[in-house]
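Please look over the notes below with the model open beside you.

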Amino acid sequence: MSIEVGAKLQGKVSGITNFGAFIDLGEGKTGLVHISEISNGFVKDIHDVLSVGDEVTVKVTSVGNDGKVGLSIRKAQDQPQPEKKPFNRDSREKRESRPARPQAKGNFSKNKKEDFDTLMSSFLKDSDDRLSSLKRNTEGKRGGRGGRRN
């Protein structure tokens with residue numbers, strides 16, 4: 001019996017760890033069901049859901065080159081998954097329900113047509129003023145770079 005990805009198989013729980021359960025698939029083959037693949041809901045303790053010797057139906061999710069078999073109990077259950085709608089950026093409903101963007105405050109309104117150089121020079125002036133006042137207020141307190149000494 002060859003184990004292929006996507007196949008549903010019957011197995012018996014042969015061991016339980018804190019991260020998953022080992023399933024004996026027969027003919028000396030064993031696979032691991034990770035704790036996240038046991039149930040659709042949150043599973044805090046595997047012992048609450050499974051015990052050694054339980055018969056389970058599993059779906060093969062991966063087969064590694066080293067012989068490791070990844071299994072899933074929740075994917076083996078025949079429950080229809082809710083369809084996810086693809087995100088459509090141009091959907092009319094989303095554009096109409098979206099609130100308008102707030103207008104920028106300060107010197108950057110659309111009505112003023114200031115060129116880049118004017119904006120840059122006002123920014124540099126403001127930045128220099130802030131830095132000088134910051135240095136003036138902190139040098140004496142920390143005693144750095146030739147601060148005032150009395």
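1. Start at the hairpin of β4 and β5. Five residues lie between its two strands, and G67 takes a positive phi there, near 95 degrees. Keep in mind that this is a predicted model.

2. Next, the strands on either side of that turn. Strand β4 covers residues 55–63 and runs antiparallel to β5, with four bridges joining the two. V63 of β4 stands opposite V69 in β5.

3. Is strand β5 covered on both faces, or on one? Both faces are covered in this strand, which spans residues 69–72. V69 and L71 are buried on one side, and G70 and S72 are buried on the other. In general, side chains of a regular strand alternate between the two faces of the sheet.

4. β5 also has a partner in β3. These two strands run parallel and share two bridges. Here L32 stands opposite G70 in β5.

5. Strand β2 (residues 20–26) and strand β3 (residues 29–34) are antiparallel, with six bridges between them. I23 stands opposite G31 in β3. As a rule, pairing of this kind goes through backbone hydrogen bonds, either parallel or antiparallel.

6. What do the strands build together? They make a closed barrel of five strands, in the order β1-β2-β3-β5-β4, and the pairing is mixed. Neighbouring strands of this sheet are turned against each other by 55 degrees on average, direction ignored.

7. Along the sequence the pattern reads β-β-β-β-β-α-α. That gives two helices and five strands.

8. Look at helix α2 for the surface. The helix takes in residues 116–142, L124 among them. A nonpolar patch on the surface is formed by F116, M120, F123 and L124, with about 430 Å² of accessible area together. Why does L124 count as partly exposed? Its relative accessible area is 44%, which lies between the 20% and 50% cut-offs, so L124 is neither buried nor exposed.

9. Finally, the chain as a whole. It has 150 residues, and 19% of them count as buried. The accessible surface comes to about 12800 Å², with 50% of that belonging to carbon and sulfur atoms. Among contacts between residues at least 6 apart in sequence, 52% join residues at least 24 apart.

Notes:
Residues are numbered from 1 along each chain as its sequence is written. This is a predicted model: local features need pLDDT of at least 70, side-chain atom pairs count only at pLDDT 80 or more; totals for chains, interfaces and linings use all residues. Side-chain values use heavy atoms; hydrogens and water are left out. Two strands pair if DSSP finds at least two bridges between them. Axes are lines fitted to C-alpha atoms, for helices over the stretch in contact, and angles run from 0 to 180 degrees between N-to-C directions. Patches are made of residues with over 30% relative accessible area and no salt bridge: like charges are joined within 9 Å, nonpolar side chains (Val, Leu, Ile, Met, Phe, Trp, Tyr) within 5 Å. Accessible areas come from the Shrake-Rupley method with a 1.4 Å probe; for residues, only the protein chains shown count as cover. A salt bridge is a side-chain nitrogen of Lys or Arg within 4 Å of a carboxyl oxygen of Asp or Glu. Buried means under 20% relative accessible area, exposed over 50%, partly exposed in between (1.4 Å probe, protein chains only). Contact means heavy atoms within 4.5 Å.
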